[in-house]
Amino acid sequence: MSTIEILFWFLSALALLGATMVLISKNPVHSILWLIIVFFAISGHYVLLNAQFLAIVNLIVYAGAIMVLFLFVVMLMNLNSDSEPKKNNRLKMAGVISGGCLMLIMIDVVRSASEMQKATAMLKEGNIGLIRTLGMALFKDYVVPFEISSVLFLSAMVGAVVIGKKD
Amino acid sequence: MPITYYITLSVVLFCIGVVGVLTRRNAIIIFMCVELMLNAVNLMLVAFSKMHNGNAIASAPNSTVGIDGQLFVFFIMVVAAAEVCVGLSIIVMMYRNTHSVDVNFLNRLKN
């Protein structure tokens with residue numbers, strides 16, 4: 001096994017372990033910390049795929065900003081495993097079974113598509129993940145959506161202030 | 001790496017997110033599982049973008065085919081940041097009114 005394969009399997013196992021622990025942790029703070037580990041593993045996958053810009057943005061935006069926001073809200077509400085709402089076991093089983101069926105069907109359908117059989121994701125070749133090429137495309141072909149997203153941010157900010165205000 | 005490995009990994013991550021939304025009752029955990037699903041989709045988009053680019057650079061070495069996938073991931077992150085900001089403020093408001101983050105409390109909206 002080459003180094004890249006070892007890294008791939010390690011990062012995949014880390015992501016799946018983290019995602020499972022997000023589900024089964026009773027304490028919300030532990031769930032958030034495991035989710036941060038999942039985001040780090042996914043960033044590692046981006047680095048392996050030579051998508052360096054997305055790897056860094058994923059770390060800064062998701063693992064940095066969004067998860068700190070979550071952690072802050074959980075600590076503000078003083079949630080812990082005692083205040084965790086209980087759901088009955090039959091509903092849990094139903095959720096797990098339906099999620100598992102969805103997983104089996106999606107894996108089977110997508111993997112059996114004929115153009116997926118021999119295809120590989122090129123790991124080292126190509127330079128589309130670099131900031132230079134992404135920036136050229138972003139400010140030439142995608143400049144209108146880029147500007148519209150600033151309006152989206154402004155409205156989200158106004159919305160958060162209006163909703164969160166004490167009345 | 002074969003693309004099927006990436007497909008399998010992101011489908012499994014996505015379905016763990018779905019199971020989380022279905023089985024948990026804490027609103028914050030449900031919200032985190034939605035983020036997990038978004039990230040699974042992002043991973044699949046990047047893998048597909050590298051797959052198409054790999055086919056294209058065999059003939060033209062400087063081709064930027066498939067760059068749209070990575071830009072979509074960028075915009076998904078932008079939208080996710082805005083969504084988290086509004087969603088968490090809704091959860092905070094709900095906690096202030098009901099002193100609980102249990103989503104089953106919200107069935108009183110029915111009446």
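This is a predicted model: local features need pLDDT of at least 70, side-chain atom pairs count only at pLDDT 80 or more; totals for chains, interfaces and linings use all residues.
View 1. Chain A contains six helices and zero strands, and its order along the sequence reads α-α-α-α-α-α. Because its radius of gyration is 20 Å, well over the 15 Å that the globule rule gives for 167 residues, chain A is more spread out than a compact globule. Taken along the principal axes, the box filled by its C-alpha atoms is roughly 50 × 40 × 30 Å. Buried residues account for 26% of the 167 residues of chain A, and, among its contacts between residues at least 6 apart in sequence, 59% join residues at least 24 apart.

**View 2. The two domains of chain A.** Domain 1 covers residues 3-129 and domain 2 covers residues 130-167, and the C-alpha centres of these two domains of chain A lie 24 Å apart. The contact between them takes five residues from domain 1 of chain A and four residues from domain 2 of chain A. On the domain 1 side of this contact there are two nonpolar, three polar and no charged residues.

**View 3. The contact between chain A and chain B.** Chain A contributes 68 residues to the contact and chain B contributes 60 residues. On the side of chain A that touches chain B, at least two residues each come from α1 (3-24), α2 (28-48), α3 (52-77), α4 (89-112), α5 (131-140) and α6 (143-164) of chain A. The helix that gives the most to this side is α4(A), with 11 residues. Sorted by class, the side of chain A that touches chain B holds 49 nonpolar, 14 polar and five charged residues.

**View 4. The largest nonpolar core and Val38(A).** This core has 65 residues, and those with the most contacts inside it are Val38(A), Ile28(B), Met32(B) and Leu36(B). At least two of its residues are supplied by each of α1, α2 and α3 of chain A and by each of α1 (3-23), α2 (27-56) and α3 (67-98) of chain B, with the largest share, 14 residues, coming from α2(B). When neighbours within four places in sequence are left aside, Val38(A) is in contact with Ala15(A), Gly18(A), Ala19(A) and Val22(A) of its own chain, and with Leu36(B).

View 5. The 21 residues of α2(A) should span 30 Å at 1.5 Å a residue, which agrees with the 30 Å between its end C-alpha atoms.

**View 6. Helix α3(B), its buried residues and their cover.** At 1.5 Å a residue, the 32 residues of α3(B) should span 46 Å, and the end C-alpha atoms are 46 Å apart, which agrees. The buried residues of α3(B) include Ile67(B), Phe74(B), Val84(B), Cys85(B), Leu88(B) and Ile91(B), and also Gly69(B), Gln70(B), Gly87(B) and Ser89(B). Among the elements that cover the buried residues of α3(B) are α3, α5 and α6 of chain A, together with α2 of chain B. Just after this helix, His99(B) has a positive phi of about 55°.

Note on methods: Residues are numbered from 1 along each chain as its sequence is written. Chains are lettered from A and ligands numbered from 1 in the order in which they are written. Two residues are in contact if their C-beta atoms, placed from the backbone, lie within 7 Å. Helices (H or I, at least four residues) and strands (E, at least two) are DSSP runs, numbered from the N terminus. Ala, Val, Leu, Ile, Met, Phe, Trp, Tyr, Cys and Pro count as nonpolar, Asp, Glu, Lys and Arg as charged, and the others, Gly among them, as polar. The radius of gyration is taken over C-alpha atoms; the globule rule is 2.2 Å times the number of residues to the power 0.38. A residue is buried if 20 or more other C-beta atoms lie within 10 Å of its own, exposed if 12 or fewer, and partly exposed in between; C-beta atoms are placed from the backbone. A nonpolar core is a set of buried Ala, Val, Leu, Ile, Met, Phe, Trp, Tyr and Cys residues joined through C-beta atoms within 7 Å. The expected span of a helix is 1.5 Å times one less than its number of residues. Domain bounds come from an automatic or database domain assignment.
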